[in-house]
Amino acid sequence: MVQLLTATLEQRRSLFTKLIVAIVRQAMTYRRGKGNPLSRAEIDRLNTLLPGVQFKIPELLDPGFLSSFGQPKTEEPSPQGAAILSEAKAQELAALLIEITKLDPQTRGLRFEGFLNELFAGFGLAPRGAFRIVGEQVDGSFRLQGHTYLVEAKWHGPQIGFADLMTFSGKVSGKAAWSRGLFVSNSGFTAEGLEAFSRGRQTNLICADGLDLYEVLSRKVSLIDVLEEKSRRAAETNRAFVAVRDLNLRGG
């Protein structure tokens with residue numbers, strides 16, 4: 001199924017919407033017969049993930065269709081604190097990262113955004129997928145302890161330097177005064193770019209690299225703790241990036 005979706009997304013994007021709708025409708029019939037009907041929460045989760053690959057499917061957002069599942073169950077919000085990913089969820093996300101390495105460059109970027117959304121959701125950070133504003137695109141957002149963070153995500157390529165940091169910082173500063181930014185670069189950041197970015201301006205960003213993600217997925221540290229400590233270090237030192245291994249966090 002994953003291979004079919006990936007191949008359609010990469011080679012026949014015009015058919016991707018029809019394929020998703022067909023899968024949903026077949027799943028509704030099949031699972032109803034198995035006594036495990038498709039739930040409203042699963043449809044809502046799908047609708048949250050689709051913007052990560054630049055799709056919204058009107059049929060799945062139709063109020064009449066959604067109401068056929070009844071009202072979604074009220075769930076206790078995921079606690080924001082020192083929670084560590086479950087072993088199953090960590091393995092699922094680690095497998096997704098491995099899958100991403102096998103994709104073409106453009107698709108990798110979209111799937112990486114989807115991966116981050118899944119990671120943020122795992123820690124109860126209420127993520128939103130990519131959205132476009134006139135003249136620019138933001139890769140997503142999440143909430144942490146009352147603050148809204150805009151997200152920039154880069155999968156592969158050269159390490160991020162001063163110019164890219166400044167561009168994203170400009171996007172963030174152009175929004176509400178309480179906005180902050182998280183720049184996630186799987187390949188990391190240049191020392192020169194980070195040093196230049198820290199001089200002569202107040203940072204409105206924190207940064208994370210692939211090794212930081214590994215520390216979270218290996219369940220050594222909590223993403224909540226990582227983001228909070230990075231924000232604290234940025235406030236204290238004006239440094240946008242401090243590696244997880246230098247934050248002296250205790251794992252779960």
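**Figure 1. Gln145 in the loop between strands E3 and E4 of the predicted model.** Gln145 lies in the loop that runs between strand E3 (140-144) and strand E4 (147-154), in a model that is predicted. The phi angle of Gln145 is near 50°, a positive value in a residue other than glycine. With a relative accessible area of 43%, Gln145 is partly exposed.

**Figure 2. The aromatic pair Phe142 and Tyr149.** Seven aromatic pairs are found when the whole structure is searched. In one of them, the ring centres of Phe142 and Tyr149 are 5.1 Å apart and the ring planes lie at 0°, so the pair is stacked. Phe142 and Tyr149 are both buried.

**Figure 3. The aromatic pair Phe189 and Phe241.** The rings of Phe189 and Phe241 form a tilted pair, with 5.5 Å from centre to centre and 35° between the planes. This pair links distant parts of the chain: Phe189 belongs to the loop between E5 and helix H9 (191-198), whereas Phe241 belongs to the segment after H11, and the two are 52 residues apart. Both Phe189 and Phe241 are buried.

**Figure 4. Packing of helix H6 against helix H7.** Two packed helices are described by the angle between their axes and the distance between those axes. Helix H6 (residues 87-100) and helix H7 (residues 105-122) pack at an angle of about 170°, and their axes are 10 Å apart. Angles over 145 degrees count as roughly antiparallel, and H6 and H7 are therefore roughly antiparallel to each other. On the H6 side, the residues in the contact are Lys89, Glu92, Leu93, Leu96, Leu97, Glu99 and Ile100. On the H7 side, they are Arg108, Arg111, Phe112, Phe115, Glu118 and Leu119. By class, the contact of H6 with H7 comprises seven nonpolar and six charged residues, with no polar ones.

Figure 5. The buried residues are Gly210, Asp212, Leu213, Glu215, Val216 and Leu217. Their cover includes helices H6, H7 and H11, together with strand E5 (180-185) and strand E6 (205-209). At the start of H10, a side-chain oxygen of Asp209 comes to within 3.2 Å of the backbone nitrogen of Leu211. Just after H10, Arg219 adopts a positive phi of about 65°.

Figure 6. Asp212 is situated in helix H10 (residues 210-217). Its relative accessibility is 3%; because buried means under 20% relative accessible area, Asp212 counts as buried. The Asp212 side chain reaches the backbone nitrogen of Val244 at 2.9 Å. When neighbours within four places in sequence are left aside, Asp212 is in contact with Cys207, Lys230, Phe241, Ala243 and Val244.

**Figure 7. Asn248 in the segment after helix H11.** Asn248 is placed in the segment that follows helix H11 (223-237). Phi of Asn248 is near 60°, a positive value in a residue other than glycine. At a relative accessibility of 66%, Asn248 counts as exposed.

Key
Residues numbered from 1 in each chain as written. Predicted model: local features only at pLDDT ≥ 70, side-chain atom pairs only at ≥ 80, totals over all residues. Heavy atoms only, no water. Axes fitted to C-alpha atoms, helices over the stretch in contact; angles between N-to-C directions. Helix = DSSP H or I, 4+ residues; strand = E, 2+ residues; numbered from the N terminus. Parallel < 35°, antiparallel > 145°, perpendicular 65-115°, else oblique. Contact = heavy atoms within 4.5 Å. Nonpolar A, V, L, I, M, F, W, Y, C, P; charged D, E, K, R; others polar. Buried < 20%, exposed > 50% of the residue type's maximum accessible area, 1.4 Å probe, protein only. Polar contact = N/O pair within 3.5 Å; in protein donor to acceptor, adjacent residues only side chain to side chain. Phe/Tyr/Trp six-rings, centres within 6.5 Å; stacked < 30°, edge-to-face > 60°.
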